[in-house]
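Have a look at the fold, then read on.

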Amino acid sequence: MHRREFIAYGSAAALASTLVKTLADQEAEAQTAYNLELHFEEIYEEMIDGEVVFAYAFRDPVTRLIRPQLYVTQGAAIKIKLVNKTSRPCRFALTGMADDRFPAVQPGQQYTIGFTAPLAGSYLYHENALGAVGRVAGFHGAFVSQPINGRTAAGTRTPYSAPTAAQSALFDTLGTDPYFPGEKWLADNFARQKCWVFSEVFPDMNRALERRQTVTLNELLYTFKARYFTLNSLSGFDASHDESCSPIGYQGEPMLLRTMNAGMCTHGPHVHGNHVYGLSETAPDGKIVKCENILEFDTWMLRPMWRKDVLLPFVKPHEIPDEAWPPREEKFPLLYPMHCHIEMSQTAGGGNYPQGMVTHWEMLGTRRGA
Ligand SMILES: [Cu+2]
């Protein structure tokens, strides 16, 4: 039995205390079944320029959230009650599993699926009865599997089961080296991890679906012309300061970003201010690959259905000399953009730069409380 690790600081104390779990808690949780429920729904969604488009979405009937981010523990028994409220057969799918692992749910019907939570890492759940059509029309969401233990040999928490030597070296070094002042990555503090789910909206295709027309993947591959580019279903101004998108913290508070591409286009997330560290890759079969070699970069490629976890270290930005730190002329908070580096994705409705896939990350100050 491990001692309860209690993390409390500033205004996050109340939130953090509800999220802190001991290893024993997690082991118990892993043996518990998750009973989830998702509804396949048809919705109307407002785009950043005011256009309202027909779309598909998974909805959690309890929270009413669309495209909810699901967090489970590796090895746990997952049950998902699926209710199809649309007019077409819908099939739940999860990256890393066979496309037809689960049966299609007929319109107006419900069906409960069961599976074991996969290896710790970032996954996408989606709909695939018509290939990518349902997914791109909005049937997608982040599915996060967390490790039962996830500790390095030195006892540092990581987001992976049996972390590689390189992952261990990085997570062990956080908070212990002048280069990474501050804290370790805090596995139980949800303010230290975000899912960035990238996608696109192609209103013509959605309109055809609304009119009950048949849209095939083949057709889609040749006619797909996205007009909106989204991060967690938001674009531009809306995504820039949204809580689910914007990493915010003090120097020395490293944050895990689980980046995923649910769309049809390849994307290239790019951050200013800090480089990130690549932690995981996506294998051709959709499974998770834990990096054996950690690379530092500021732009990374996300092909459709790829997921790549990166660590945003929240270190002093390299372009600021030591002598000028902490900054005196430009005051905190320091705001840096994240934008997809593939330029088309920065637009909305055929123009409206930069109302596409963008957000900001924010460094509030030097050490918290300093
Ligand atoms: Cu830039």
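What covers the buried residues of α4? The cover includes β14, β16 (288–290) and β18 (307–312), with contact meaning heavy atoms within 4.5 Å. The buried residues of α4 themselves are Ala 166, Gln 167, Ser 168, Leu 170 and Phe 171. Here buried means under 20% relative accessible area, exposed over 50%, and partly exposed in between (1.4 Å probe, protein chains only). Helices (H or I, at least four residues) and strands (E, at least two) are DSSP runs, numbered from the N terminus. After α4 comes Gly 175, with a positive phi near 80°.

**Ground rules and confidence**

This is a predicted model, in which local features need pLDDT of at least 70 and side-chain atom pairs count only at pLDDT 80 or more, while totals for chains, interfaces and linings use all residues. Residues are numbered from 1 along each chain as its sequence is written, and side-chain values use heavy atoms, with hydrogens and water left out.

pLDDT is the predictor's confidence in each residue, from 0 to 100. The chain has a mean of 92, and 92% of its residues reach 70 or more. The part to watch is residues 1–18, where pLDDT stays under 50 and the model has 18 contacts beyond four places in sequence. Where pLDDT is low, the predicted coordinates should not be read in detail.

**The copper site**

Which residues are the protein donors of the copper ion? They are His 272 and His 339, both through NE2 and lying 2.0 Å from the ion. Donors are N, O and S atoms within 2.8 Å of the metal (3.2 Å for Na, K and Ca), and since water is not among the atoms, sites may look incomplete. The two histidines come from distant parts of the chain, 67 residues apart: His 272 sits in the loop between β13 (269–271) and β14 (276–278), and His 339 in strand β19 (residues 334–340). His 272 is partly exposed because its relative accessible area is 30%, whereas His 339, at 17%, counts as buried.

**Salt bridges**

A search of the whole structure finds 13 salt bridges, each being a side-chain nitrogen of Lys or Arg within 4 Å of a carboxyl oxygen of Asp or Glu. Here are some of them:

| Pair | N to O distance |
|---|---|
| Glu 41 and Arg 59 | 2.7 Å |
| Lys 85 and Glu 41 | 3.9 Å |
| Asp 188 and Arg 157 | 3.2 Å |

Glu 41 turns up in two of these rows. Glu 41 lies in strand β1 (residues 34–46) and Arg 59 in strand β2, so their bridge ties together parts that are 18 residues apart in sequence. Both Glu 41 and Arg 59 are buried. The Lys 85 link to Glu 41 spans 44 residues, with Lys 85 in the loop between β4 (77–84) and β5 (92–94). Lys 85 counts as partly exposed because its relative accessibility is 48%, while Glu 41 is at 9%.

Asp 188 is in the loop between α4 (165–173) and β9, and Arg 157 in the loop between β8 (140–146) and α4, so this pair joins parts 31 residues apart in sequence. Asp 188 is buried at 10%, and so is Arg 157 at 11%. Elsewhere, bridges that share partners join Glu 183, Arg 192, Glu 253, Arg 367 and Arg 368 into one network.

**Helix α5 and its neighbour**

Helix α5 (residues 203–210) has Pro 203, Met 205, Asn 206, Ala 208 and Leu 209 as its buried residues. They pack against β2 (52–59), α3 (133–136), β9 (193–201), α6 and β10 (228–231). Arg 212 follows α5 and has a positive phi near 65°.

Most residues other than glycine have a negative phi, and most peptide bonds are trans. Ala 162 has a positive phi of about 45° and lies in the loop between β8 and α4. Ala 162 is exposed, at 61%. Phe 314 has a positive phi of about 55°, in the loop between β18 and β19, but Phe 314 is buried at 0%.

Two cis peptide bonds are worth a check too: Trp 325 to Pro 326, with omega about 0°, and Tyr 353 to Pro 354, with omega near 0°. Pro 326 is in the loop between β18 and β19, and Pro 354 in the loop between β19 and β20 (358–363).
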